[in-house]
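Grab a pencil and work through these exercises with the structure open beside you. Try each task on your own before you read its solution.

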Amino acid sequence: MRSGIDVECREVGLRDGLQIQETFFTTVGKIKWLTLEVEAGMPEVEACSFVPPKLLPQFADAIEVVAAALKTKGSIISALAPNLRGAKDAFASGIHKLNYVTSVSESHNMANVRRTVDESVEDFRKIVELRNATPGAENIILAAGLSTALGCTIEGQVSEDAVMRLAARFVEAGADELMVADTVGYANPQQVKGMFRKVIEEFEPAIPIGAHFHDTRGLGLANAFAALEAGCRRFDASLAGLGGCPFAPNATGNIVMDDLVFLMEGAGMKTGVDLDKLVAIREIIAQNLPNETLSGMYAKAGAPKGFTPASSIAAE
Ligand code: ZN
């Protein structure tokens, strides 16, 4: 984690937020969004997904966006790759970190990436081998994400044991980081606390654990706080709450980045992110997606009187 911060926020809006967006978000708009967010202090930005443009035209400009992202300074630039082929392109683009996701529930994984969980783990193993064998790619961080770890729209409840088993398999296969995701917004804070305690106790500090929540049923931020209390220090979120899931009908987006930063800063956890600068970037989303309703209560209500973000307090 970058020095001087207590929690690491990761902007996933440019990937998770845009992947189901039918309106093409202009390349210039994407670059402006991510550049300004890096300047606002965001420690990590997921820039795109490396998928065939025919499948997801939204990411047809992936190489261009990553190239621009790599010109910025100070943030980890990551990208999602759903398979070995995508990983190859991602490594060639020069990203710092590759995110790979597999659903804990078999049927969700099949619906999402058309493979069994076993096949997904094997593909990840090949990605690790490719990374290790590609000159210049050796330092790229490989993060394995566990989707539907707290519930599945097809299978319902997902057991903690199933999550722990899949996590262990990814670590054994060579994952540098894990991400635990409530992809469909089923989780409650009590469940989150139990799950994150277990995963963190088992794998940290060797393998950092990240959290990924959706606000589908209004518990996204409560879940983030529960994960924080369980010891989690890495959180995905998306500016203005963009996003959803094609396999979670009516799913609202990721937790709202601006509200997450407000929550953390108010709880005394330094994010290193300038909230005012962050909120101002919403305008770029509004311009590029005029038909989208932007989420986020902090942007609407503003800072409470006398609010002092933890990051603004100078270290002793
Ligand atoms: Zn998501």
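## Exercise 1: Salt bridges

Keep in mind that this is a predicted model.

Task: Find how many salt bridges the model has, and look at how some of them connect the chain.

Solution. Start with the total: the count comes to 20 salt bridges, where a side-chain nitrogen of Lys or Arg has to be within 4 Å of a carboxyl oxygen of Asp or Glu. The general idea is that side chains of opposite charge can pair when their charged atoms come close.

Step 1. Take Arg10 and Glu8, whose side chains meet in a salt bridge at 3.2 Å, N to O. Both Arg10 and Glu8 are buried.

Step 2. Now go to Arg15, which forms a salt bridge with Glu46, with the closest N and O atoms 3.0 Å apart. Arg15 sits in helix α1 (residues 13-17) and Glu46 in strand β2 (residues 44-49), so this pair ties together parts that are 31 residues apart in sequence. Arg15 and Glu46 are both buried.

Step 3. Next comes Lys198, which has a salt bridge with Glu160; here the closest N and O atoms are 3.0 Å apart. This pair links distant parts of the chain, with Lys198 in helix α8 (residues 189-203) and Glu160 in helix α7 (residues 160-173), 38 residues apart. How accessible are the two partners? Lys198 has 34% relative accessibility, so it counts as partly exposed. Glu160 has 30%, so Glu160 counts as partly exposed too.

Step 4. Finally, look for shared partners. Salt bridges that share partners join Glu8, Arg10, Glu44, Lys97, Glu177, Glu204, Arg234 and Asp236 into one network.

## Exercise 2: Strand β4 and its neighbours

Task: Work out whether strand β4 is enclosed or open, and which strands it pairs with.

Solution. 

Step 1. Check burial along the strand. Seven of the seven residues of β4 (residues 97-103) are buried, so the strand is largely enclosed by the rest of the structure.

Step 2. Sort the side chains by direction. Lys97, Asn99, Val101 and Ser103 point one way from β4, while Leu98, Tyr100 and Thr102 point the other way, and all are buried.

Step 3. Look at one partner, strand β3 (residues 76-80). β3 and β4 pair in the parallel sense over three bridges. To spot this pairing on screen, look for Leu80, which stands opposite Asn99 in β4.

Step 4. Follow the chain between these two strands. β3, helix α4 (residues 84-93) and β4 make a right-handed β-α-β unit.

Step 5. Turn to another partner, strand β5 (residues 141-147). β4 and β5 pair in the parallel sense over seven bridges. Your landmark here is Ser103, which stands opposite Ser147 in β5.

## Exercise 3: The whole protein

Task: Decide whether the radius of gyration agrees with that of a compact globule, or disagrees.

Solution. 

Step 1. List the parts: the protein has 13 helices and eight strands.

Step 2. A compact globule with 316 residues would have a radius of gyration near 20 Å, and the protein has 18 Å, which agrees. Along its principal axes, the C-alpha trace spans about 55 × 40 × 40 Å.

Step 3. Of the 316 residues, 54% count as buried. Among contacts between residues at least 6 apart in sequence, 73% join residues at least 24 apart.

Step 4. The accessible surface comes to about 13400 Å², and 53% of it belongs to carbon and sulfur atoms.

Terms used: Residues are numbered from 1 along each chain as its sequence is written. This is a predicted model: local features need pLDDT of at least 70, side-chain atom pairs count only at pLDDT 80 or more; totals for chains, interfaces and linings use all residues. Side-chain values use heavy atoms; hydrogens and water are left out. Buried means under 20% relative accessible area, exposed over 50%, partly exposed in between (1.4 Å probe, protein chains only). Helices (H or I, at least four residues) and strands (E, at least two) are DSSP runs, numbered from the N terminus. Two strands pair if DSSP finds at least two bridges between them. A crossover is right-handed if, with the strands pointing away from the viewer, the path from the first strand over the helix to the second runs clockwise. The radius of gyration is taken over C-alpha atoms; the globule rule is 2.2 Å times the number of residues to the power 0.38. Contact means heavy atoms within 4.5 Å. Accessible areas come from the Shrake-Rupley method with a 1.4 Å probe; for residues, only the protein chains shown count as cover.
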